[in-house]
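Here are my notes, as promised. Have the model open while you go through them.

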Amino acid sequence: MNFSKRLGIYFLIVLIPFFYRWKWNENSVFISSDPEIKYYQVINSQNGGNAEECFFPARNLSFSQSMIPFGYPWAFELKDGRCVFQYPVLFVWLQKILFIGILKKWVIYFPILIFFFNFLLLDRIFSRFDSKEIRILLSVVLIQCFTPIFLSSLDYSELTITNFFFLASILSYHKLIEKNQFRFGILLAVSIVFNFQLRPESTIALLLYLSISFLYEKNKVGLLKNFYPYVSLSIFLMVIFSLWNQSVYGHYLGMRGLNTMMDMENGQLSRNLLGEWIADLWGNEFKIGIFKGYPILFLGFIGLGLKKDKRILSFLMAGLVFLLILPFISPYRAGVDIFGMRYFESGIYLLMIGVFLTFGNQNSKLKYFLLVLPFLYFCYKSDSRAIKQWSSSAKLYHQVMNTFDHLKPDLIVHRGLSLSYLIGISYVKYPQIAIYSNEDWLNVENVLKDQKKKILYLEWEGNKLVNNEFPEKIWKQKFDINFKLDPKAYVIQSEHKIAHFKGYILERP
């Protein structure tokens with residue numbers, strides 16, 4: 001089966017996440033939690049704003065930036081008073097370039113497009129080590145569809161583009177070793193830097209692999225000479241990005257670096273390292289665990305005991321080491337239930353590439369590939385579980401958005417930030433703010449003065465968010481807000497049950 005036929009199969013597979021995304025959007029845009037912040041960054045950039053700055057439509061009604069309905073871990077106020085969103089602007093810039101003149105609702109499909117490109121890169125990587133085309137096809141499909149990597153295609157995030165630069169780095173590294181050509185060196189340098197800017201954890205896995213692989217190379221001195229100009233280019237590009245990060249965020253590592261340092265300095269990151277390690281790998285009440293959810297990863301340990309080329313061993317070793325040490329070296333691996341595995345994808349790529357190349361290197365290849373079959377059922381169950389959760393979330397999401405559209409408020413006011421994960425596309429349609437006390441509400445009345453505005457006030461009794469990863473001080477000050485609204489100039493006209501929370505329509509008498 002030649003590459004063009006495999007390409008056709010990959011395209012057909014990619015239609016699956018496209019179908020789910022189209023179904024969940026329902027002629028609108030389905031975004032909640034992290035994806036909504038990334039979508040606002042794109043919208044703000046397309047409207048002429050800076051990709052890093054907080055998108056705050058209620059500013060046009062003279063409300064202060066401090067009333068933005070987002071906070072930790074998405075929006076932060078810098079020392080100079082500017083508000084910035086947390087997520088990497090490179091994700092926004094790349095979409096802005098690719099989707100010039102395209103309707104905004106199609107931007108949401110960007111991760112699926114890149115997911116398709118990742119099939120091609122992974123195919124090219126396997127082709128460098130294995131000449132059997134059917135094994136290449138099976139290996140690529142199993143890695144992309146029966147590991148947590150598949151879930152990244154369904155999410156609106158920088159994960160697939162991070163994986164793109166990760167795989168491009170590996171491919172260009174091997175191409176550069178084989179043929180010392182300028183284009184491969186440039187691709188390697190740019191891919192490493194972009195990968196780091198999108199998700200630093202991924203670069204740790206990448207550097208692990210490159211280091212171990214380099215140690216097994218024979219002509220180390222010659223390779224160092226060949227790599228020197230491209231290493232220099234990487235450092236140069238990294239310095240440029242670091243200087244830009246410093247000028248914008250006040251930290252060389254950007255917003256994520258600043259966020260981590262602030263939490264560490266304030267003692268807000270109380271870490272139970274052993275507990276986190278067990279939760280990430282085998283699960284707890286909040287997380288499913290990568291090995292428990294996708295037991296196909298256990299094949300990595302079997303692969304270590306089989307005969308293999310040293311180049312293949314590099315994949316296995318780097319992948320396993322990364323998966324086992326990440327809970328210790330990264331303070332942020334948020335995500336409830338099955339969605340807490342996104343930070344491990346680079347290590348999963350390395351491990352599973354090593355597994356399937358190892359199996360293809362055995363005398364009895366069929367026996368080892370048949371060993372994979374029992375694990376596929378559990379991986380399919382995990383994928384299905386995530387899809388069901390997304391489908392349920394999409395149903396709830398559209399119920400909320402449709403209610404907002406039916407009520408047609410001029411302003412939405414949130415009691416605290418506990419509902420910020422469910423603001424979605426309504427933020428683009430209706431100005432929204434957050435308040436934390438009745439005094440804040442009186443300030444809202446003062447800002448509006450005599451304007452006759454129809455206000456939708458939202459409160460969630462008990463604020464029952466999963467808050468185990470929130471710093472306690474921030475949770476109490478911004479999320480667990482329970483004051484009783486006592487308006488002066490406005491009167492409550494009606495009460496509405498919206499999903500799991502309440503809404504009140506207020507107007508001037």
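1. Ground rules. This is a predicted model, so to speak: local features need pLDDT of at least 70, side-chain atom pairs count only at pLDDT 80 or more, and totals for chains, interfaces and linings use all residues. Residues are numbered from 1 along each chain as its sequence is written, and side-chain values use heavy atoms, with hydrogens and water left out.

2. Helix 7 against helix 9. Take helix 7 (residues 159–178) and helix 9 (residues 200–215): their axes come within 10 Å and cross at roughly 15°. That angle makes helix 7 roughly parallel to helix 9 (angles under 35 degrees count as roughly parallel, over 145 as roughly antiparallel, 65 to 115 as roughly perpendicular and the rest as oblique). Axes here are lines fitted to C-alpha atoms, for helices over the stretch in contact, with angles running from 0 to 180 degrees between N-to-C directions. Helices (H or I, at least four residues) and strands (E, at least two) are DSSP runs, numbered from the N terminus.

3. Who meets whom there. From helix 7 you get T162, F166, S169, I170, Y173 and H174, and they meet S202, A205, L206, Y209, L210, S213 and F214 in helix 9 (contact means heavy atoms within 4.5 Å). Sorted by class, the contact of helix 7 with helix 9 has eight nonpolar, five polar and no charged residues. For the classes, Ala, Val, Leu, Ile, Met, Phe, Trp, Tyr, Cys and Pro count as nonpolar, Asp, Glu, Lys and Arg as charged, and the others, Gly among them, as polar.

4. Helix 7 against helix 10. Helix 7 also packs with helix 10 (residues 220–249), at an angle of about 130° and with the axes 10 Å apart. That makes helix 7 oblique to helix 10. On the helix 7 side, Y173, L176 and I177 meet L223, F227 and Y230 in helix 10. The contact of helix 7 with helix 10 has six nonpolar, no polar and no charged residues.

5. The core. The largest nonpolar core has 175 residues, and Y40, F63, F70 and I296 have the most contacts inside it. Such a core is a set of buried Ala, Val, Leu, Ile, Met, Phe, Trp, Tyr and Cys residues joined through side-chain atoms within 4.5 Å. Helix 17 (residues 365–407) gives the most to this core, with 15 residues. Leaving out residues up to four places away in sequence, I296 touches F146, T147, M352, F356, V372, F375, L376 and C379.

6. H414. You'll find H414 in strand 3 (residues 411–415). H414 is buried, with a relative accessible area of 4% (buried means under 20% relative accessible area, exposed over 50%, partly exposed in between, with a 1.4 Å probe and protein chains only). Residues up to four places away in sequence aside, H414 touches P69, L419, I423, Q432, I433, A434, I435 and L458.

7. Two loop glycines. G283 sits in the loop between helix 12 (273–282) and helix 13 (290–293), and is buried at a relative accessible area of 17%. Its contacts, not counting residues up to four places away in sequence, are I278, I288 and G289. G462 lies in the loop between strand 5 (455–459) and helix 20 (472–479). G462 is partly exposed, with a relative accessible area of 37%, and touches D480 and N482, not counting residues up to four places away in sequence.
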